[in-house]
Amino acid sequence: MNIQLIYNPNSGGGRGDKLYPHILKALRDLGHTVTPYRTLYRFHATEIAKHIDANACDLVLAAGVDRTLYEVLNGIMQNTSSKEHPLYGLIPVGTGNSFSVDLNMKTWTDGVKAVAGGKSRAIDVMEFITEGDKYYSINAIGFGLVADVSYLGNKMKKFIGKTAYTVGAVAEILKFKPQKTKLEVDGTVYEYDSVLTNFSNTVILGGNMKISPNSIMDDGIIECLVLEDMPKKDLLKVFPMIFEGKHLSVP
């Protein structure tokens, strides 16, 4: 195959840079022609994927974290070089690797094995518009507490690894204020004081939180989780349940 490899050297606190030579060698040892691209700045992966000649490649492969996956996806969806989008793959080298966990790929070697075995599947794509611009996601879109935790966790994970999202969640819960939210689903409008609103195509968020345990990535359905305002002490009690996906039992 002709593979376009887009890798983020900063993934996993620099693991992307260290693992890149091994990933490249493993793919070429399989007999594939690989053209590598190193990302240099935020959303560079989107620009690279947007301008790849989709007619001249069999697979666009993202090596990095969930953010790298997101950026490459958005570039592919904006790519107009072909009527059909190219096959898209992932080599997980990050800290959380939430999306790859849903695919049962936990290491970079799992990703290479998937390429070697020609494993592929259809996956739903979510489209959303914010401030007039269109974006795409294949795992989750959220606002409120879930977005604040993601923002803080991303800042801390280079220091404390995967536990950054857990620590970030507790920190944000303690200071969070609910937001007035209006949500329209299939013509029905809901208004509520929101702690978080999250749209999920996959189960895992933050590396190990089963925020949407009923999600199936190719069923054409997006699960929406709404958490209305509740006392912080109750929220702290509920939070640990998310790691087993048992929080849906809470009113």
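Which residues make a nonpolar surface patch of about 310 Å²? In this predicted model, local features need pLDDT of at least 70 and side-chain atom pairs count only at pLDDT 80 or more, whereas totals for chains, interfaces and linings use all residues. Residues are numbered from 1 along each chain as its sequence is written, and side-chain values use heavy atoms, with hydrogens and water left out.

The patch is made by Phe 159, Ile 160 and Val 167. Of these, Ile 160 lies in helix α6 (residues 145-160), helices being DSSP runs of H or I of at least four residues and strands runs of E of at least two, numbered from the N terminus. Ile 160 counts as partly exposed because its relative accessibility is 39%, where buried means under 20% relative accessible area, exposed over 50%, and partly exposed in between (1.4 Å probe, protein chains only).

Most residues other than glycine have a negative phi. Glu 131 lies in the loop between β5 (126-130) and β6 (133-137) and, at 81% relative accessibility, counts as exposed. Asp 186 lies in the loop between β8 (179-185) and β9 (188-200), and this residue also counts as exposed, at 80% relative accessibility.

Terms used: Patches are made of residues with over 30% relative accessible area and no salt bridge: like charges are joined within 9 Å, nonpolar side chains (Val, Leu, Ile, Met, Phe, Trp, Tyr) within 5 Å. Accessible areas come from the Shrake-Rupley method with a 1.4 Å probe; for residues, only the protein chains shown count as cover. A salt bridge is a side-chain nitrogen of Lys or Arg within 4 Å of a carboxyl oxygen of Asp or Glu.
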